[in-house]
Amino acid sequence: MREALAEARLAESAGEVPVGAVLVCRGEIAARAHNRPIALADPTAHAEMLLLRTAAAAGGNYRLEEATVYVTLEPCVMCAGALVNARVKRLVFGARDLRFGGVRSKFSIADSDLLNHRIEIEEGILAAECTSLLQAFFRKRR
């Protein structure tokens, strides 16, 4: 999660919402990303989406069945769906997203019994640090 926080700080320094993510496979970081929708003029350029694209391209397969994704903020509905489609094994996130959370706060997409794949979920890892980073970012913007 500390590596994901480092990515979030890169997003913050670029004026993006400070969300960062890393993907670990077989004990090694296989991909890392941070939010870039402003820089890429792309509403789908969330940290998780960019992370999955990078990891899938590097591995030559969209299925990331052995992967654990660490992300500083609970994924939104779009990202939660992408994690399920990629067959990610495990998701670890820091702070809950009480407005848009697609994993626990608003919806339970990542481990829904209605879907063909369920992700193992662990939440609250370095939550205070993840939350503080986001709160400080938005406080400065207001």
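Leaving aside neighbours within four places in sequence, which residues is histidine 117 in contact with? They are Val84, Arg87, Val88 and Ala110. Contact here means heavy atoms within 4.5 Å.

Before more detail, the ground rules. This is a predicted model: local features need pLDDT of at least 70, side-chain atom pairs count only at pLDDT 80 or more, and totals for chains, interfaces and linings use all residues. Residues are numbered from 1 along each chain as its sequence is written, and side-chain values use heavy atoms, with hydrogens and water left out.

Back to histidine 117. It sits in the loop between strand S4 (90-95) and strand S5 (120-123). Helices (H or I, at least four residues) and strands (E, at least two) are DSSP runs, numbered from the N terminus. Histidine 117 is buried, at a relative accessible area of 17%. The cut-offs: buried is under 20% relative accessible area, exposed is over 50%, and partly exposed is in between, with a 1.4 Å probe and protein chains only. The side chain of histidine 117 also reaches the backbone oxygen of valine 88, at 2.7 Å. For scale, a polar contact is a pair of N or O atoms within 3.5 Å; within protein, one must be able to donate a hydrogen and the other to accept it, and residues adjacent in sequence count only if both atoms are side-chain atoms.

Most residues other than glycine have a negative phi. Arginine 87 is buried, at 15%.

Now compare arginine 26. Its phi is near 55°, again positive in a residue other than glycine. It is in the loop between strand S1 (20-25) and strand S2 (28-34). Is arginine 26 buried or exposed? Exposed, with a relative accessible area of 71%.

On to helix H4, residues 77-85. Cys79, Ala80, Gly81, Ala82, Leu83 and Val84 are buried there. What do the buried residues of H4 pack against? They pack against H3, strand S3 (68-73) and S4.

Take a residue from each of two of those elements. Leucine 51 is in helix H3, residues 47-59. It is buried, at 0% relative accessibility. Beyond four places in sequence, its contacts include Ala21, Val22, Leu23 and Val69.

Leucine 91 is in strand S4. It is also buried, at 0%. Not counting residues up to four places away, leucine 91 touches Val69, Leu83 and Ile121, among others. Leucine 91 and valine 22 are 69 residues apart in sequence, yet 10 Å apart in space, C-alpha to C-alpha.

Finally, the whole chain. It has 5 helices and 5 strands. From the N terminus, the order is α-β-β-α-α-β-α-β-β-α. Buried residues make up 46% of the 142 residues. Among contacts between residues at least 6 apart in sequence, 55% join residues at least 24 apart.

What about the radius of gyration? The chain has 14 Å, and a compact globule of 142 residues would be near 14 Å, so the two agree. That radius is taken over C-alpha atoms, and the globule rule is 2.2 Å times the number of residues to the power 0.38. The C-alpha atoms fill a box of roughly 40 × 30 × 30 Å along the principal axes.
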